[in-house]
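Here is a short note to read alongside the structure.

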Amino acid sequence: MVDDSPRPADESPTREQLEAWDRELVWHAFTQMTEHQPFIIQRAEGCTLYDLEGRAYLDGVSSLWCNVHGHRHPTIDAAIRAQLDQVAHVTSLGMAHPTTIKLARRLVDLAPAGLGHVFFSDSGATAVEVALKMAFQFWQQCEQPQPKKTKYLAFENAYHGDTLGSVSVGGVPRFHEMFRPLLFEVLRLPSPTMYRLPTNVTRENACEYFLNLVAQVLEHQHAEIAAVIVEPLMQCAAGMILHPPGFLRGLRELTRQHDVLLIADEVAVGMGRTGRMFACQQEDVQPDLLCLAKGITGGYLPLAATLATDRIWQAFLGTYSSSRTFFHGHTYGGNPLGAAAALATLDVFEQEQTLANMPAKIARLQEYLARIALHPNVGDVRQLGLIAGIELVRDRVTQEPFPWGERRGQRVCNHALTRGVWLRPLGNVVVMMPPLNIKLEELDRICLAVEEGIEVATR
Ligand code: PMP
């Protein structure tokens with residue numbers, strides 16, 4: 001039981017009290033609370049987190065994939081403070097704010113060509129909901145309406161967020177199956193993976209194989225499909241599943257050919273993570289809708305954006321009574337504090353030449369992964385820019401996974417913590433996703449902790 005006796009306002013809780021309350025009162029995301037181990041961070045600086053006792057830990061996953069420039073970055077801190085001196089929040093229903101308008105300008109200038117309009121919301125899931133609803137409504141009211149285009153095509157092992165629309169298009173059984181009765185139906189194709197391929201499919205012909213599956217569905221059902229939704233290049237939350245090179249470009253060609261919209265969910269892979277500002281740019285792809293969140297504010301504040309093409313935007317123009325309006329919104333969509341953090345995040349990309357400095361780090365990560373790949377319990381290593389997924393298996397030859405309950409990935413991370421590195425796995429997949437401004441020496445420490453952790457956790 002929690003000690004709930006009244007406390008004088010000036011009395012700071014002890015570490016033990018904080019931990020007890022964290023166990024009993026705070027319901028943590030994606031966490032089995034019976035096993036929850038409080039890990040309380042008091043402050044952070046650069047790529048380092050500090051706990052209540054002042055112990056330091058390298059943030060090996062950018063506080064869940066979002067603090068692209070690390071923590072307490074002076075430029076972002078200052079921008080938020082300056083915005084606070086102006087106004088913290090104005091609604092986007094009938095009002096606007098210069099910071100939010102400027103952010104839209106910057107995003108449109110940076111994004112793949114054709115994405116000329118920005119709808120702001122507050123999380124990755126809402127950015128996806130917006131894209132799904134826009135795609136649906138588009139076909140109902142575009143110049144030559146196609147009201148039968150109401151379905152979505154999505155992939156197994158997709159993850160697009162935890163609201164019901166984004167869970168509907170999601171395809172990670174462990175996370176999503178429970179909610180199936182609540183969800184709308186989606187056309188589903190196998191995850192375009194390069195590991196555990198069907199017989200007769202090799203890494204070399206995987207792209208062609210998976211694109212053929214898409215082509216067959218689009219040929220037969222394009223008249224009912226509003227949009228295809230994809231995590232470009234890599235399905236992250238399902239375990240950093242790397243797609244065959246060329247898959248995204250092929251998907252774009254097929255969707256264009258069959259007049260089906262393409263939704264690119266770059267919530268995880270966008271904002272520099274792959275070495276380009278947007279993952280779609282790696283394959284020169286221009287989606288119809290682009291979803292951004294996480295790193296957009298440098299991981300500081302909840303802000304998300306759904307970018308749309310002019311074709312989509314045009315279909316929503318009309319008189320108020322024509323019901324062409326997009327009746328969708330979130331109270332904090334386009335919040336000026338978040339927008340200030342986002343503009344400053346983009347400034348830092350320029351000032352620090354973040355992308356130009358990435359190749360050396362990507363190469364260093366690759367060197368470690370090449371060595372790690374030789375371990376007998378490493379089934380696959382997958383890298384995309386500054387993302388690494390290391391899949392631990394019981395048997396490398398048969399690719400037999402370790403039972404989920406053995407928590408091998410977590411065991412690696414537990415060991416890394418003793419070496420001053422904080423990581424969070426995805427089941428049997430050990431994940432590294434450090435801030436993009438990590439120093440090589442810090443990256444070395446993370447990789448070495450992982451290497452050592454794998455030794456310990458597979459004994
Ligand atoms: N899409 C993708 C590809 C994601 O990785 C995530 C979050 N991991 C989301 C959507 C959901 O974002 P949020 O948690 O901000 O709702």
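1. Residues are numbered from 1 along each chain as its sequence is written. Please keep in mind that this is a predicted model: local features need pLDDT of at least 70, side-chain atom pairs count only at pLDDT 80 or more, and totals for chains, interfaces and linings use all residues.

2. Where does Lys294 sit? It is in the loop between strand 11 (289-292) and strand 12 (304-309). Strands (E, at least two residues) and helices (H or I, at least four) are DSSP runs, numbered from the N terminus.

3. Is Lys294 buried or exposed? Lys294 is buried because 27 other C-beta atoms lie within 10 Å; the cut-off for buried is 20 or more such atoms within 10 Å, with C-beta atoms placed from the backbone. Leaving out residues up to four places away in sequence, Lys294 touches Trp65, Cys66, Gly124, Val267, Ala268, Met271 and Gly299. Contact here requires C-beta atoms, placed from the backbone, within 7 Å.

4. The chain is assigned domain 1 (39-68 + 355-457) and domain 2 (77-351), with bounds from an automatic or database domain assignment. Their centres, taken over C-alpha atoms, are 27 Å apart. Across the boundary, 24 residues of domain 1 are in contact with 23 residues of domain 2. On the domain 1 side, helix 2 (62-65), helix 12 (358-372), strand 13 (378-384), strand 14 (387-395) and strand 17 (429-432) each supply at least two residues.

5. The largest nonpolar core holds 129 residues, and Ala227, Ile263 and Cys291 touch the most other members. Such a core is a set of buried Ala, Val, Leu, Ile, Met, Phe, Trp, Tyr and Cys residues joined through C-beta atoms within 7 Å. At least three of its residues come from each of domain 1 and domain 2. Beyond its neighbours within four places in sequence, Ala227 is in contact with Ala135, Tyr152, Val260, Leu261, Leu262 and Ile263.

6. Lastly, do look at the open sheet of four strands, ordered 1-2-3-16 with mixed pairing. Strands count as paired if DSSP finds at least two bridges between them. Strand 1 (41-45) and strand 16 (421-422) are the edges. Strand 1 runs antiparallel to strand 2 (residues 48-51), joined by four bridges, and Glu45 stands opposite Thr48 in strand 2.

Notes: Buried ≥ 20, exposed ≤ 12 C-beta atoms within 10 Å, placed from the backbone. Contact = placed C-beta atoms within 7 Å.
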